Amino acid sequence: EEEDEEFFDAVSELQDQDDDEDAVTESDLEATRSLQGRDKTFTIVPRGNKNKNKNKNKNKNKNEDKNKDKNKDKTDKSNNNNKRPVRIKSLTPDKGSTIQSQQTFSAKIKTPSNSQVRTVQFQLTDPSGDESNWLNVPRAKGGNGDTFSITVDGFQKYRGTRWTYRMKAADTNGNSVESNSISFQVDGVGDSASDFGGGGTDNDAVDKAPPAPSSSYSDSRPIPQSTVQDSDWPYDGPIQSATGRILFEFTGTSTFVCTGTVVDDGSRTNGRSVIVTAAHCAYSDVMKEFAKLAVFIPDQVSTRGEKSDFDCGNDRYGCWYLSFAVVERGWVENSFPANVQYDYAYYVVTDSPSTHSKGYSSGLTSTLDKDITPMSIDFSTNQINDHTVALGYSADKDPDFRYCSMDADTISGVPWYANLWLSYCGMSGGASGGPWIRDMTREGTGTVVSVNSWGFSDKVG
């Protein structure tokens, strides 16, 4: 709070995103109740018309009740549409289809009007009943936005065999649905020495696992050069797997949340992996200490849980316990906002099984920069007037992976330093430390040129 007060006084109500890194902002909910009664009205009428008018008023009241019921039905119908669960439609291939060595599996996902698709996943079952892991399905390239697809290669080894697949989807309202299992056959005639018979060797058993999906990161075109204020990241790719949630604590504090990105430090064999983030996500310039505990969860959006937590088994790659952090001396020796130009840091994690925990993906090595493709980094670039993509895990959208996209400008939060600035970016606390990317492609590649640091308290930017 002391840090925030100094900040507000110094830079006209600019607010460091560290202000509320540890909490999801919740709006107060108001409930209004309308009590509808029927007023009693007495009217003096001529004696001969008394019953006639009485009946007329009675009919009028019936019509009013009818209209009320009609409007109520209309409102209920609208509410029911918003409560309608997420649906999976147009699954491809159809039941009983025959496929070749490579097959694209796809589906259309429909959500209520007040929600969006959160995750779509896919699972294969081979002829012996062995199931693959649930695999994340990206949004189809060039589709209308509601189609998701994944391509699987390697079926040529299983000619003449019958498989099944299924998909499941969840939306941002917490609704979820899972399809029935759909059977298909691989074209061709099976070998009498098929791996799926009995009595195979240990090496044969390895081949019984469903084939791995081929890479879906094949669109090297740049993302649209349009302004995006705050939206779910739609392209998947290395940037999604390399960027993750950082949970950290100082002495006597609750847990804070930030964002960090695995970056290429020039070697995969030096016994360490490096994560770039914001300095205030690693060192408190108020308490004058480094974080006592810090955990990195790459690809947090793929969690099987409801939000960011310490249950590493819920997460695609699991968690890494960070070994130490490095910050600029200028950040340590000053306090915000006087040290704003030094608000970047590096967390380091040693390559050891003791630093890694769980993860539901198969084949993990426990070495962060081997399980994750690091992003290239270049802080010497001049991004002014260049299209820039910023990404992060805003606390109020947890666990969604968010981004904004626009031409970069500058702003002087303090008189002596011009920050790179994204004027319309709407991400919030928790996105601090997230990467700014130049030359971002639809396959999720690009170069880290900066990180999220601070924003206005009363407007976007």
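These legends accompany several close-up views of a predicted model. Local features need pLDDT of at least 70 and side-chain atom pairs count only at pLDDT 80 or more, while totals for chains, interfaces and linings use all residues. Residues are numbered from 1 along each chain as its sequence is written, and side-chain values use heavy atoms, with hydrogens and water left out.

**View A. An open sheet of 6 strands with mixed pairing.** Follow the strands in the order S11-S24-S23-S27-S28-S22; strands (E, at least two residues) are DSSP runs numbered from the N terminus, and two of them pair if DSSP finds at least two bridges between them. Strand S11 (228-232) and strand S22 (376-377) stand at the edges with a single partner strand each, so one side of each has no neighbour in the sheet. Within the sheet, S23 (residues 387-392) and S24 (residues 402-407) run antiparallel and are joined by 6 bridges. Look for Leu391, whose bridge partner in S24 is Tyr403.

**View B. Strand S20 with its partners S14 and S19.** S20 (residues 345-350) pairs with S14 (residues 272-277) in the antiparallel sense over 6 bridges, and here Ser273 stands opposite Val349. S19 (residues 324-327) also runs antiparallel to S20, through 4 bridges. In that pairing, Phe324 has Val348 as its bridge partner.

**View C. An aromatic cluster that includes Tyr165 and Phe184.** Rings of Phe, Tyr and Trp (its six-membered ring) pair if their centres lie within 6.5 Å; planes under 30 degrees apart count as stacked, over 60 as edge-to-face and the rest as tilted. By this rule there are 21 aromatic pairs. With ring centres 6.1 Å apart and planes at 55 degrees, Tyr165 and Phe184 make a tilted pair. Tyr165 belongs to strand S8 (residues 162-171) and Phe184 to strand S10 (residues 182-186), so their pair ties together parts 19 residues apart in sequence.

**View D. Charged ends over the rings of Trp134 and Tyr360.** A charge sits over a ring if NZ of Lys or CZ of Arg is within 6 Å of the ring centre and within 35 degrees of the ring normal. Lys168 places its charged end over Trp134, 4.3 Å from the ring centre. For Arg304, the charged end sits over the ring of Tyr360, 3.8 Å from its centre.
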